[in-house]
Amino acid sequence: MSQTPQGADWVIVGGGLCGLTAARYLRHGWQLFEAGSRPGGVARSVARQGHIFDQTGHWLHLRDRGMKRLVGGLLGDELVAVGRRSGIYSHGVHTRYPFQANLYGLPPAVVFECLQTFLDRKPPHRPGRRVRTFEDFILEHFGEGIARHFMIPYNARLWGVHPRDMTDAWCRRFVPLPSRDEVLAGAVGANLTEMGYNVRFLYPRQGGIERLPASLAEGLAGDRVHCNAPVERVDHLGHRVRVGGEWIGYRALVSTVPLPELCKMLAAPPKPVVRAAERLRWTSVRYLNVALSHRPPKDFHWIYVPQAKYPAYRVGVFSNASPGNAPARGASLYVELASRAHKRLDRQLGQVVPLLVESGAMRRPDDLKFATSECIDYAYVVFDRHYHRARRTLHSFFADHDIYPRGRYGSWDYGSMEDAMCEGREVAKLLRKRYKRTPDESSTS
Ligand SMILES: Cc1cc2nc3c(=O)[nH]c(=O)nc-3n(C[C@H](O)[C@H](O)[C@H](O)COP(=O)(O)OP(=O)(O)OC[C@H]3O[C@@H](n4cnc5c(N)ncnc54)[C@H](O)[C@@H]3O)c2cc1C
């Protein structure tokens, strides 16, 4: 950590995309504390023997005009636009993404079941239930066949929670809803439209997705970005944080650390805050980084694997999207594991390698150069029936004390990299307006 500051107008906790963007838009008067040895958060990458791995697939999609300008200015020609190549691997065949609009190629009995129940679907009748579950959403929009063969098993594996135990609060932007004609056309191989929010994405030519947070950090005053500097305590009444044993005062605090961790940092949280924090639920992601000596037979960027017999629910090939992520002729893969339990790497590989070979992500087992086992502790916020109330209680308590939890895990939401950056920009604008100094204060500060 560089020399500890005495105090700041704004203290930012966490140097992921949200914290870095907030610093950029605050311009002056901020100090940023990051627990890790370098900024980037979940958007950091690791490099080993010429292979570059992100923390599973991190593909950049930009919708916001300001963010397009900012990212374009930071990375310019370093970014390559890539047309998505993703699909589903199920029943021994590859089909196009999304499953619900591309049944063609699956065994005829599966296609028939999916189509028949799609055409006959009705909104599930749940007398007395106030909250619409994600399972209700699936059955209402897709029917039982698509639910059984893809939507339920895939999502249960991704979220680590059955869709009946989640609400549909997160999914409208992310789950494509094809029309009746698109489903029918997709069942006979005549669906020509690509669907979803990520049909095209951007990715750095070299260096992995970490080029994005790194370029943001390069534009900031280095002496105000403190790495290896975990915030240990937040004194919400005294408006100060403890870092490395020293207290640092602030006027407002932007926290991008996971909401449950922020609650744990409070010195004496009131009971409703403790209770709300206990209601928050999330899942981790366990995954493997896999380096291969040869390119895979298939050229997909990633595939979804819904069937329970396989040990992974998603497999991606970084180097198929960006050759710069692997040495010439080699490949860099990520494999997201269905089991959250810790297992020995050789055991995990014993299960995963057959799937990689079978699905065309790997030519043969001998191609394996090395693999590492990784975990993201806070990966997905779970949208269960307590979600909205608990989040509201916590956010309004923090706002009352000039603390602004933001970013994917501060907002406690399902957001993209762009969302995290937009939140950083918006909170900076809010603070500059809300905590504007009077001319007298400015001259004495
Ligand atoms: C598996 C997975 C795949 C994803 N894929 C995509 C994708 O393809 N495209 C996309 O756009 N988005 C994707 N995302 C989302 C994207 O990664 C996030 O939205 C974004 O990186 C979040 O940035 P953030 O700054 O909000 O949080 P973070 O990146 O979590 O940053 C928070 C920072 O706080 C630091 N910190 C924690 N505790 C402390 C402490 N006590 N003191 C100081 N610092 C602390 C952490 O070290 C971290 O650097 C994915 C996310 C996951 C989990």
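# Chat about a predicted model

Student: Starting with β1, which way do its residues point?
Tutor: This is a predicted model. In it, Trp 10 and Ile 12 point one way from β1, while Val 11 and Val 13 point the other way. All of these residues are buried.

Student: What does β1 pair with?
Tutor: Two strands. β1 runs parallel to β2, and four bridges join them. Strand β1, residues 10-13, also pairs in the parallel sense with β13, residues 252-255, again over four bridges.

Student: What stands opposite Val 11 in β2 and in β13?
Tutor: In β2, Gln 31 stands opposite Val 11. In β13, the residue opposite Val 11 is Leu 253.

Student: What holds paired strands together, in general?
Tutor: Strands of a sheet pair through backbone hydrogen bonds, either parallel or antiparallel.

Student: Switching to the ligand. How many residues surround it?
Tutor: 36 residues surround the ligand. The closest are Gly 14, Gly 16, Gly 41, Gly 407 and Ser 416.

Student: Which element gives the most to that shell?
Tutor: α13 does, with four residues. The elements that each supply at least two residues of the shell are α1 (17-26), β18 (368-381), α12 (407-410) and α13 (417-434).

Student: What's the shell made of, by class?
Tutor: The shell around the ligand has 18 nonpolar, 13 polar and five charged residues.

Student: Now Arg 44. Where is that?
Tutor: Arg 44 is in the loop between β2 (30-33) and β3 (45-48).

Student: Buried or exposed?
Tutor: Arg 44 counts as buried because it has 20 C-beta neighbours inside 10 Å, and the cut-off for buried is 20 or more.

Student: What is Arg 44 in contact with, leaving aside neighbours within four places in sequence?
Tutor: Gln 55 and Glu 210. Arg 44 and Gln 55 are eleven residues apart in sequence, and their C-alpha atoms are 7.0 Å apart in space.

Student: What about Asn 102?
Tutor: Asn 102 is also a loop residue, placed between β7 (93-96) and α3 (108-119). Asn 102 counts as buried because it has 22 C-beta neighbours inside 10 Å.

Student: Which residues does Asn 102 touch?
Tutor: Not counting residues up to four places away in sequence, Asn 102 touches Thr 95, Arg 96, Tyr 97, Gly 186 and Asn 191.

Student: Gly 186 is in which helix?
Tutor: Helix α5, residues 180-187. The buried residues of α5 are Glu 182, Val 183, Gly 186 and Ala 187. Seen down the axis of α5, these fall within an arc of 135°, so they line one face of the helix.

Student: Why would residues three or four places apart point the same way?
Tutor: An α-helix has 3.6 residues a turn, so residues at that spacing point the same way.

Student: What covers the buried residues of α5, and what is on the face turned away?
Tutor: The cover includes α3. The face turned away from the buried side carries the exposed residues Arg 180 and Asp 181.

Student: Last one: how is the chain split into domains?
Tutor: The domain assignment gives domain 1 (10-44 + 210-279 + 386-444) and domain 2 (106-179). Their C-alpha centres lie 36 Å apart.

Note on methods
Residues numbered from 1 in each chain as written. Predicted model: local features only at pLDDT ≥ 70, side-chain atom pairs only at ≥ 80, totals over all residues. Buried ≥ 20, exposed ≤ 12 C-beta atoms within 10 Å, placed from the backbone. Contact = placed C-beta atoms within 7 Å. Arc of directions from axis to C-beta. Pairing = 2+ DSSP bridges. Domains from an automatic or database assignment. Near = placed C-beta within 6 Å. Nonpolar A, V, L, I, M, F, W, Y, C, P; charged D, E, K, R; others polar.
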